[in-house]
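Colleague: I am new to this structure and would like to learn how to read it. Please take me through it feature by feature.

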Amino acid sequence: MRLEKISQDNVWDVAKLKVSKDQERFVASNVESILEAFAVREDGYVALPFALYEEDTLVGFCMLGYGGIGDDEEPEIVYGNYSIWRLMIGSSFQGKGLGKKAMEEILKYVKSFPFGRAEYCWVSYDEENVGAKKLYESFGFYENGDVDDGEIVAVLKL
C-alpha cells in the first residue's frame, strides 16, 4: 500500500471511487473532500489528500490534516496534532484487509511529522460506524470524550 498525492494524473480516477451504498452516510464523497482540501489550503491551513494504491491499483482515498482550520467549535485536540479527516476504500476493494494496510501507511506518514511534532493523531466517526471504530481501536485509538460536528473523537498517542 502506498499514499500518492492527488495530481492531474489521478484526480479524476479518485473522484470516481465510491464506497458501498450503506457507507455513504458515514463519509463525504472524494469530490467533496478534494474540494474541501483545496479550500482549507487556500485559507492557509493544512489538508493533505492522498490516493491509496495497492501495487499499481487505485483502491482508496484518505485526507489528513494538521492543526485546526479556524473553526471556533473545533475540539481542543485539533491544535498542534494530526488528524485523519477521511479514509475510504472503494466498494469493489473492501473486505480484503486494505483498510488496515492503509492505516499502517497513514500512521507511518503521520509519525514522520511532516508538519511538525505532535503528541496525538485523532479521528472522528459516526457512532453507528462500527467498522470504523473497530479499525481505529485495532491501532490503539481510544475515545477521549470529545465530539466534533456530532461525531465521536478518538485519539492515538504518537
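The dialogue below goes through helices, strands, salt bridges and cysteines in turn.

Colleague: What should I know before I start?

Modeller: This is a predicted model, in which local features need pLDDT of at least 70 and side-chain atom pairs count only at pLDDT 80 or more, while totals for chains, interfaces and linings use all residues. Residues are numbered from 1 along each chain as its sequence is written, and side-chain values use heavy atoms, with hydrogens and water left out.

Colleague: How do I read a helix, and what span does α3 have?

Modeller: Helices (H or I, at least four residues) and strands (E, at least two) are DSSP runs, numbered from the N terminus. The expected span of a helix is 1.5 Å times one less than its number of residues. Helix α3 covers residues 98-110, 13 residues in total, and its first and last C-alpha atoms are 18 Å apart, close to the expected 18 Å.

Colleague: Which residues of α3 are buried?

Modeller: Buried means under 20% relative accessible area, exposed means over 50%, and partly exposed is in between (1.4 Å probe, protein chains only). In α3 the buried residues are Leu98, Gly99, Ala102, Met103, Ile106, Leu107 and Val110. They lie on the same side of α3, because they cover an arc of only 165° around the axis. The arc is taken from the directions that run from the helix axis to the C-beta atoms.

Colleague: Which residues of α4 are buried?

Modeller: In α4 these are Ala132, Leu135 and Tyr136. Their arc around the axis is only 95°, so they sit on the same side of α4. Val130 and Lys134, on the other side of α4, are exposed.

Colleague: Now the strands. Is β4 enclosed or exposed?

Modeller: Strand β4 (residues 82-89) has eight of its eight residues buried, so the strand is largely enclosed by the rest of the structure.

Colleague: Which strands pair with β4?

Modeller: Two strands pair if DSSP finds at least two bridges between them. Strand β3 (residues 57-66) pairs with β4 in the antiparallel sense, over seven bridges. Within this structure, Gly65 has Ser83 in β4 as its bridge partner. Strands β4 and β5 run parallel and are joined by three bridges. Ile84 stands opposite Val123 in β5.

Colleague: What unit do β4, α3 and β5 make?

Modeller: A crossover is right-handed if, with the strands pointing away from the viewer, the path from the first strand over the helix to the second runs clockwise. The unit made by β4, α3 and β5 is a right-handed β-α-β unit. Gln94 is placed in the loop between β4 and α3. Gln94 is partly exposed, at 28% relative accessible area. Its C-alpha atom is separated by 27 Å from that of Asp149, 55 residues apart along the chain.

Colleague: How many salt bridges does a search of the whole structure find?

Modeller: Side chains of opposite charge can pair when their charged atoms come close. A salt bridge is a side-chain nitrogen of Lys or Arg within 4 Å of a carboxyl oxygen of Asp or Glu. The search finds eight salt bridges. In one of them, Arg25 pairs with Glu128, and the closest N and O atoms are 2.6 Å apart. Arg25 lies in the loop between α1 (11-16) and α2 (30-42), and Glu128 in the loop between β5 (120-125) and α4 (130-138), so the pair ties together parts that are 103 residues apart in sequence. Arg25 is exposed, at 57% relative accessible area, whereas Glu128 is partly exposed, at 48%.

Colleague: Which residue meets Lys101 in a salt bridge?

Modeller: Glu54 does, with an N to O distance of 2.6 Å. This pair links distant parts of the chain, with Lys101 in helix α3 and Glu54 in strand β2 (residues 46-54), 47 residues apart. Lys101 is partly exposed, with a relative accessible area of 32%.

Colleague: Where do Lys108 and Glu105 lie?

Modeller: Both are in helix α3, three residues apart, about one turn of the helix. Lys108 is exposed at 53% relative accessibility, and Glu105 is partly exposed at 21%.

Colleague: How many disulfides are there?

Modeller: A disulfide is a pair of cysteine sulfur atoms within 2.5 Å. The count is zero disulfides. The sulfur of Cys62 has its closest cysteine sulfur in Cys121, 11 Å away, which is too far for a bond. Cys62 is buried, at 0% relative accessibility, and Cys121 is buried, with a relative accessible area of 0%.
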